[in-house]
Amino acid sequence: MGTLADTPVLGTAVFAHSPSSTDLETALLLNANDDDDNNNNSNNSNDNDAVPPTGLSSWLFILMCVSALVASCGFALAAPYLPEEAKESYSCGSVCVGFIFSVQPAFAFIGSPLCSQILKRRLCSRRLMLILSLNVAGLAFVAFAFVMKLPKPHENQPPVLFVATASIIRAVSGLASGAVDTTVFAMIASLCNHEQAHLVRTQGEESTSSTTTTTSTLGDRMGKLELAYGLGFAVGPAVGAGLYALGGFLLPFLVVGGLTVVLVAPALQVALQMGPHADKSERARQIASLVELSEESEAQGDDEEQCSVGGLVLARPGALAALCSAALSCACFGALDPSLQIYILSSVSDAHAKEATSAVGLLFCLVAFCYCLATVPVGRIADRAAPHACIAAGLVGIAVGFFLLGTPKFPIPYLGEAWAKLLPNVIARSAVALCVIGPSAALTFVPSMPALIMEARKRNGIGRNDNWPGEEVWHDSLSGALSAAWSAGAFVGPLAGGAVVRGLGFDDATGVFCVVLGAMAALQLASMLY
């Protein structure tokens, strides 16, 4: 279902770590006027004359959100028409189509930690990784537009060529989208860090006690980023259906893929290479100052060797709880894909089946819309409250939403039946439930990255509001782990949800989801005590 990473640092210690390509890029992007600031401060002249990099960082953040929107929009683009097209042209059943859809999140799960390790080992810069993955994703969209041009199988033969080709393209798209998510999460965390570092240097070390740190500003940024993801998932099916009506199967993928390659990726490349306040000579001076290694850079290199997500999960149960909560929440969303439409259609008469089918599409748009409305406020709440408490509240909210979605006999007997009698229209009940699930999902998703960073801080004995130069090296690993957790949930959710619904029926299955979500909320709260 997503993603410039940083942390506040004191004085020149911001650039005291090894001058990797990532460090150079972020420094050039977000501290283009640091030399002038230092000169002004040393000469006791206008300290406020230097222009902070607010405009540039805002422009970069907008482009990060555009990247997220494109990735999520492309993920959901084929949902309205691929099943019917595959059935008519290649006699693909629901199992084949479900497999094609599940390939992308499965390979996103593989691509996220792979990208994290590449970035962590400095085999590729974040800027290059983001540009390459956006181009690969765009080209994969374009390639998928032509899968319907493949030869039709002979009568009574399985559509092996179609399924294999479509799955390979979706696999490449999944690897690219996993890399996009991981890189964007890491870059946004670093953006928050370097903005804070710039503020510390311009205002002086005396202001550090009153300024916020990465964990207290990241929630707001992640909320806005999740808004972009939610919009992509909401408008993706609508855009796909509209373009499909205009130009058939080719047009949606050609438009979205072409725009990704022709507009989004080049715009990011230009923005990440150029700053509005720095000239070439200033950039050269900054690079020259960054390549001077110090004792602090060697110490940070030692920290980098210790930033293992596996070690963090073993040492801090809160990190494991945050990752499991992210995967479970995403799985619950995915469980609705194969089951909600069948449940609603089975609850209405045949005469209203067509209207009910249209209503299901609107219901999925409704949950995405409610999610989008909640992301930014939730991000600001997460900046001021404990992220784990927000996640636990979100899990409880999703559990309540699932209880309202069906009429389960447990965990609270008779209450489900009373709710069904109070609001007998199944579509109206579903709308109320999804209006609860959408904002609750935002409470679970948005604080996940701040919660992981907080756990990394606790493991290293660093307070939430303390400056920590070593935090930067954690961003790639944590963003990869979080993206992998979401992808795992998106892959497992439809499979597990479909199995539970087939075994117990939709109503009792919602009760199972309630119990599992409630248990995870309790574990999330318990992790705060450790």
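This is a predicted model: local features need pLDDT of at least 70, side-chain atom pairs count only at pLDDT 80 or more; totals for chains, interfaces and linings use all residues.

Now color the helix around your selection: Ile110 sits in helix α5, which covers residues 94–120.

**Into the core**

Next, leave the surface and select Leu218, Leu225, Ile344, Phe402, Met449, Leu478 and Leu517. These belong to the largest nonpolar core, which has 86 residues, and they are the ones that touch the most other members. To see the main supplier, highlight helix α13, residues 317–347, which gives the most to this core with 13 residues.

Zoom in on Ile344. Which residues does Ile344 contact, leaving aside its neighbours within four places in sequence? Show Ala356, Val360, Leu363, Val426, Ile427 and Ser430, and you have them on screen. For a second, separate core, select Leu77, Phe162, Ile169 and Phe249, which are among its 24 residues.

**Along helix α18**

Now go to residues 448–459, which make up helix α18. From first C-alpha to last, this 12-residue helix reaches 17 Å, close to the 16 Å expected at 1.5 Å a residue. Is α18 mostly buried or exposed? Buried: 10 of its 12 residues are, so the helix is largely enclosed by the rest of the structure. The buried residues include Met449, which you met in the core, along with Ser448, Pro450, Leu452, Glu455 and Arg457. Just after the helix, click on Gly461, where phi is positive at about 70°.

**A salt bridge to finish**

Where is the structure's 1 salt bridge? Show the side chains of Glu455 and Arg316, which meet at 2.8 Å, N to O. The pair ties together distant parts of the chain: Glu455 belongs to helix α18, while Arg316 is in the loop between α12 (309–315) and α13, 139 residues apart.

Glu455 has a relative accessible area of 0% and is buried. Arg316, at 10% relative accessibility, also counts as buried, because it falls under the 20% cut-off.

Key
Residues are numbered from 1 along each chain as its sequence is written. Side-chain values use heavy atoms; hydrogens and water are left out. Helices (H or I, at least four residues) and strands (E, at least two) are DSSP runs, numbered from the N terminus. A nonpolar core is a set of buried Ala, Val, Leu, Ile, Met, Phe, Trp, Tyr and Cys residues joined through side-chain atoms within 4.5 Å. Buried means under 20% relative accessible area, exposed over 50%, partly exposed in between (1.4 Å probe, protein chains only). Contact means heavy atoms within 4.5 Å. The expected span of a helix is 1.5 Å times one less than its number of residues. A salt bridge is a side-chain nitrogen of Lys or Arg within 4 Å of a carboxyl oxygen of Asp or Glu.
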